[in-house]
Amino acid sequence: MDKPFLAKLRRIDPYVPGEQPQSDDIIKLNANENPYPPAPGVQETLRTFDASRLALYPDANGKALKNALANRFGVKPTQVFLGNGSDDVLALAFQSFFCSEQPILYPDITYSFYPVWCDLFRIPYETVPLDENFCVNVRDYDKPNGGIVLPNPNAPTGRGVSLDFLEDLLQHNADCVVIIDEAYVDFGAQSAVPLLSKYENLLIVQTMSKSRSLAGLRIGYALGSETLIATLEAVKNSYNSYTMDALALAAGEAAVKDEAYFQATCRKVIATRDRTAEELRALGFAVQPSLTNFLFVTHPAKKAPEIFEYLRQKKIFIRYFKLPRIDNYLRITIGTDEQMDRMIDALRAFL
């Protein structure tokens, strides 16, 4: 049967998320989720939430959550943008700021959603190679471009850059928007927030999925100049004014207000990460320095796909990327101490 309409459909290679196994007896270390529950205030908010509010549209401006975030970061509420996870925020930012004919720049090994958005929105782009140690060279971005996206710290490598590096990058790219994707910044990297008052072209994107244990509610946000945030709001309101639901707005506000729990959880993840890195090195793994809630590792004597499949058979799920330059590396999310001990025991048996 002839189907001429097929020729008019959009063809694109989509982003592939980490596997989501539907079993309770596995150790899930493949999606960079937080192993600890959300803050007590979040749990209380969910327990006492008035379900009748769901019959009404949520606050399209998310005023209460914006105020909470503005207070935490020392900015104006008009410098805060909310979205349905940082992916939503980044997608809107790509549409809002990357509108020239010049290519945007981002690392060749990084978050694999970036090229998907470029293809979807028809944005020209150029990948900038990391060096042999998976580090970013700031001078590689000293060339004409239509914008820059830099994750700090980077994924899946786990490496971060300094505040001086970020300021250097901004000083040499004043004619475009520079997006710093800080999805993992709370686990030890330096945030670009102190630079917001100096650079109107800086947009910082963060998420509550990682350090605040709210991956299931999809809460992302951006911090930037009032000019950039107003542009994001205009683009958002051109197709969907209600990107965040009432439950997510309420839980997000509660999470932001519990600073002590947030800091304690981050410290636990960092301590487990550093301990696990040393144990992996003792087993012969080469482990990249990490400022995230995951480790990026390779073993000189064993192939990454073999390790991946062995652990999978043991119901321990980690992440393997069959991509150039990193096809012998594994990304391991940091779980609880007990979960990481079980993974180390399994690796010891395999080796």
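Beyond neighbours within four places in sequence, Asp87 is in contact with Tyr111, Phe113, Trp117 and Arg218. The model is a predicted one. Asp87 sits in helix α3. A polar contact joins the side chain of Asp87 to the side chain of Tyr111, at 2.7 Å.

Tyr111 also features in the largest pocket. This pocket has a volume of about 880 Å³. Its lining comprises 42 residues. Closest to the centre are Tyr15, Tyr111, Ser112, Arg319 and Arg331. Helix α3 supplies the largest share, three residues. Helix α3 is also the element that holds Asp87. By class, the lining of the largest pocket has 23 nonpolar, 10 polar and nine charged residues. Two arginines, Arg319 and Arg331, are among the residues closest to the centre.

The second largest pocket has a volume of about 280 Å³. Its lining is made up of 16 residues. Those nearest the centre are Glu33, Asn34, Pro35, Ser213 and Ala215. Eight nonpolar, six polar and two charged residues make up the lining of this second largest pocket.

How values were computed: Residues numbered from 1 in each chain as written. Predicted model: local features only at pLDDT ≥ 70, side-chain atom pairs only at ≥ 80, totals over all residues. Heavy atoms only, no water. 1 Å grid on protein atoms, 1.4 Å probe; cavity = no way out; pocket = protein on both sides within 12 Å on 5 of 7 lines; lining within 4 Å. Points joined across faces, edges and corners; volume = space filled by probe spheres on them. Helix = DSSP H or I, 4+ residues; strand = E, 2+ residues; numbered from the N terminus. Nonpolar A, V, L, I, M, F, W, Y, C, P; charged D, E, K, R; others polar. Polar contact = N/O pair within 3.5 Å; in protein donor to acceptor, adjacent residues only side chain to side chain. Contact = heavy atoms within 4.5 Å.
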